[in-house]
Amino acid sequence: MARPRKGRDDQLSEMLRCRLRPAEYLRIRQAALQANMSVSDYARRMLLSGTVVVKKTRSLDPAVYDQLRRAGINLNQAVHKLHATGLIPPELARAAAVVEALVLGIIDGA
């Protein structure tokens, strides 16, 4: 007599694929061996009950983004003059200082 068929909810019919570096695969494989599980069972259990660290990002205020873009344009123009003439234009230091202040302000606000 044949083994009874599994119910539809019990079948492992869906497949999830992901790419790993060789070292990552070896770590997962070793952890599965230590847990006395197949790599597939170990990965399934970790995916369903493991923890995931969510990285929170903060988007820039459009006004800050625009200020940073404008300062970057000024800095780019000053560097272009430097490359064209070989002389350091006075606006280069000002533009660099503005960009630095904006970036530090964004970092401090984070």
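**A surface patch, a loop residue and a pocket**

L16, L47 and L48 make a nonpolar surface patch of about 400 Å². Such a patch joins nonpolar side chains (Val, Leu, Ile, Met, Phe, Trp, Tyr) within 5 Å, from residues with over 30% relative accessible area and no salt bridge. A salt bridge is a side-chain nitrogen of Lys or Arg within 4 Å of a carboxyl oxygen of Asp or Glu. Areas follow the Shrake-Rupley method with a 1.4 Å probe.

The model is predicted: local features need pLDDT of at least 70, side-chain atom pairs count only at pLDDT 80 or more, and totals for chains, interfaces and linings use all residues. Residues are numbered from 1 along each chain as its sequence is written, and side-chain values use heavy atoms, without hydrogens and water.

L16 lies in the segment before α1. Helices are DSSP runs (H or I, at least four residues), numbered from the N terminus. L16 has a relative accessible area of 68%, so it is exposed (over 50%).

Move on to the loop between α1 and α2. N36 is found there. Its phi is near 60°, a positive value in a residue other than glycine. N36 is exposed as well, at 73% relative accessible area.

Now the largest pocket. Its volume is about 980 Å³. A pocket is an open set of points on a 1 Å grid, with protein on both sides within 12 Å along at least five of seven lines; lining residues have an atom within 4 Å of a point. Of the 22 lining residues, C18, V39, A43, R44 and L47 are the closest to the centre. α2 gives the largest share of the lining, seven residues.

Definitions and conventions. On a 1 Å grid over the protein atoms alone, a cavity is a set of points where a 1.4 Å probe fits but cannot get out, and a pocket is an open set with protein on both sides within 12 Å along at least five of seven lines; lining residues have an atom within 4 Å of a point. Grid points are joined across faces, edges and corners, and a volume is the space filled by probe spheres set on the points. Helices (H or I, at least four residues) and strands (E, at least two) are DSSP runs, numbered from the N terminus. Patches are made of residues with over 30% relative accessible area and no salt bridge: like charges are joined within 9 Å, nonpolar side chains (Val, Leu, Ile, Met, Phe, Trp, Tyr) within 5 Å. Buried means under 20% relative accessible area, exposed over 50%, partly exposed in between (1.4 Å probe, protein chains only).
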